[in-house]
Amino acid sequence: MCGIVAYIGDKPARPLLLEGLKRLEYRGYDSAGMAIVNGDLQVVRSVGRVRVLESLLEQHPGMSGTLGIAHTRWATHGEPSDRNAHPHTDDPGNGHGIALIHNGIIENYRVLKTYLEEKGHVFNSDTDTEVLTHLIGELYAGDLEQAVQAALREVTGAYAIAVICEKEPGVLVVASKGSPLMVGVGKDEYIVASDSSAIVAHTTQAFTLDDYAVARLTRDSFRTTTVDNVPFSPQVRDLEFNLEQIELGAYEHFMLKEIEEQPAAMRRSLKGRVDAREGQVVLGGIADFARELVKAKRVIFLGQGTALNAALVGEYLMEDLAKIPAETDFASEFRYRNPIIEDGTVVIAISQSGETADTIAAMDEAKRRGALALGLVNVVGSTISRKTDAGVYLRVGPEIGVASTKAFLGQITVAALVALFIGRRRFLSAEHVSNLIRELERIPELIEKTLQQSDRIREATARFVERENWLFLGRGYNYPVALEGALKLKEISYIHAEGMPAAEMKHGPIALIDDGMPVVVVATRNSQYHKVVSNIEEVRSRGGHVIGVATEGDTEIARYCEEVFYVPDVVEPLQPLLTVVPLQLLAYHAAVLRGKDVDKPRNLAKSVTVE
């Protein structure tokens with residue numbers, strides 16, 4: 001949640017910060033603001049998108065300097081408004097001129113606010129962030145780094161912050177706990193951001209702040225300590241992608257770009273990890289734990305949103321290919337129900353960003369109870385990748401669109417590789433694994449073929465796009481695909497949609513079906529095909545209009561559907577990698593046809609880093 005960007009160096013900060021905000025806007029777009037130190041502290045804030053802030057900044061031509069911070073907000077404490085926008089400043093009565101931007105939640109802000117009010121502080125917003133800013137101002141005694149450290153020792157909750165002070169015009173202090181923040185290292189300059197998309201245009205090297213880390217940056221050096229002032233040396237690494245990968249190019253929306261990038265993304269995810277000739281899956285990230293994984297008695301997949309739907313496919317793959325009992329759980333519910341973790345339990349946390357707060361907390365709880373923790377994440381150096389015992393990166397490249405597409409495909413791909421990795425060491429023959437690897441290697445080309453139906457899917461979607469209630473049905477491996485199809489439609493077109501197992505429809509939801517209601521049914525040729533056809537008949541007899549996703553060559557299914565989108569035939573465990581593609585395109589075209597902001601859907605942000 002929220003986009004943070006800060007700069008100290010010898011270049012004008014304002015254009016650089018504004019560019020960074022535009023690259024980070026997918027993290028939150030309720031309001032935005034900027035603060036620059038140039039003799040004194042100058043602050044401009046506005047409710048709305050970054051473009052509103054940009055227009056407002058044109059009215060402040062004198063706002064210049066080489067030290068500044070900027071923020072785009074996804075509201076948690078306090079409604080979106082000018083007064084609640086970041087940056088926040090300390091009490092002007094102190095005369096320190098401190099400004100702060102923040103991602104996260106300060107859980108004990110009410111207690112701190114009462115303490116500060118008793119000391120005479122007056123607050124102008126409803127946010128927890130302003131409380132932290134005033135606390136730093138209260139503790140400031142000429143050294144910004146020390147004041148930030150002291151304030152954070154009093155704080156409970158999660159934070160990523162960047163702080164500047166007009167009394168120290170050559171210092172930028174940043175800190176993190178439970179919320180991502182990275183520092184790009186340039187020549188006599190540093191660019192700080194909540195993810196690397198705002199950094200990659202300026203430097204190829206960066207380091208990530210661990211929990212309780214504080215960094216003091218000047219134009220030519222940096223120092224890193226803990227909040228208790230214990231020095232440490234961070235690992236500076238090369239960024240994993242380049243600027244071209246996060247540019248729209250010829251595309252109108254990032255979502256469509258990322259849907260069409262899926263074949264290349266999957267090829268990257270597979271590269272160097274599979275050997276069809278030998279029937280081997282090579283996963284260096286978990287190789288050291290092969291013995292423990294082979295002996296596992298139970299696997300628990302954790303995720304939220306799209307990652308949860310991918311986790312459900314992973315559950316099926318784990319039981320089918322590795323023959324290990326598996327289950328999927330909402331990460332947000334897992335740690336609040338006293339989960340049972342026995343010897344031999346493996347927990348697999350799935351997250352595109354690797355920063356999902358609920359998933360991190362659930363994984364931490366499982367580890368405390370003795371589980372082996374694996375992570376399937378996309379962002380190198382993310383919190384989950386650092387906290388797990390081992391893991392596998394998705395390698396699908398940066399994903400900017402809020403509605404995840406290629407990351408979902410990568411999550412299923414990597415889950416399949418993990419299941420094959422374990423299954424080969426348990427029960428699967430080399431021949432069986434070889435056959436599945438060959439099928440996996442075919443999928444990118446088959447996705448390219450499926451994507452050629454985009455125009456036809458748009459035409460079919462236009463017939464139903466004004467309907468406000470949809471159902472998505474699937475069975476077996478395609479039940480999670482139905483969930484994902486419904487989620488995508490809800491996220492970006494604001495159409496109410498429910499995904500469910502096709503057989504569950506008879507147990508209540510069938511009452512929703514009325515004349516003309518769109519019902520999307522994934523009905524590929526598989527072990528439950530005839531059952532699904534029966535479910536389609538039940539929908540049709542009640543007036544529902546069926547949109548089918550079916551296997552190429554299945555002419556029979558067309559008799560039961562108003563529209564059919566065909567996908568190539570693949571083995572059943574890998575069908576979700578294809579059947580989800582038409583549903584992604586359906587959701588995309590529905591949102592465009594309804595005039596919605598595809599890449600920035602209302603109330604949503606890309607990475608949910610708060611509970």
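Helix α15 spans residues 454–464, and its buried residues are Ser454, Ile457, Ala460, Thr461 and Phe464. Here "buried" means under 20% relative accessible area, "exposed" means over 50%, and "partly exposed" is anything in between, using a 1.4 Å probe and protein chains only.

What do the buried residues of α15 pack against? Their partners are the helices α14 (430–451) and α18 (576–593), plus the strands β22 (469–474), β24 (518–522), β25 (545–551) and β26 (563–567). A contact, here and below, means heavy atoms within 4.5 Å.

A quick word on the model itself: it is predicted, so local features need pLDDT of at least 70 and side-chain atom pairs count only at pLDDT 80 or more, while totals for chains, interfaces and linings use all residues. Residues are numbered from 1 along each chain as its sequence is written, and side-chain values use heavy atoms, with hydrogens and water left out.

Now zoom out. The protein chain has 18 helices and 26 strands. Helices (H or I, at least four residues) and strands (E, at least two) are DSSP runs, numbered from the N terminus. The radius of gyration of the protein chain is 25 Å, close to the 25 Å that the globule rule gives for 611 residues, so the chain is as compact as a globular protein of that length. That radius is taken over C-alpha atoms, and the rule is 2.2 Å times the number of residues to the power 0.38. Along the principal axes, the C-alpha trace spans about 75 × 55 × 45 Å.

Of the 611 residues in the protein chain, 62% are buried. Among contacts with a separation of 6 or more, 72% are between residues 24 or more positions apart. The protein chain exposes about 22700 Å², with carbon and sulfur atoms supplying 46% of that area; accessible areas come from the Shrake-Rupley method with a 1.4 Å probe, and for residues only the protein chains shown count as cover.

A few spots in the loops are worth a look. Asp188 lies between β9 (182–185) and β10 (190–193). Leaving out residues up to four places away in sequence, Asp188 touches Ile8, Gly9, Asp10, Arg219 and Asp220. Asp188 and Asp40 are 148 residues apart in sequence and 22 Å apart in space, C-alpha to C-alpha.

Ala558 is in the loop between β25 and β26, and touches Val564 and Tyr566, again not counting residues up to four places away in sequence. The C-alpha atoms of Ala558 and Val546 are twelve residues apart along the chain and separated by 9.8 Å.

| Residue | Relative accessible area | Class |
|---|---|---|
| Asp188 | 39% | partly exposed |
| Asn338 | 53% | exposed |
| Ala558 | 38% | partly exposed |

Then there's the backbone. Asn338, in the loop between α10 (331–334) and β19 (345–351), has a positive phi of about 55° although it is not a glycine. Tyr494 has a positive phi too, near 65°, and lies in the loop between α16 (479–493) and β23 (496–501). Finally, the peptide bond from His86 to Pro87 is cis, with omega near 0°; Pro87 lies in the loop between β4 (67–73) and β5 (88–89).
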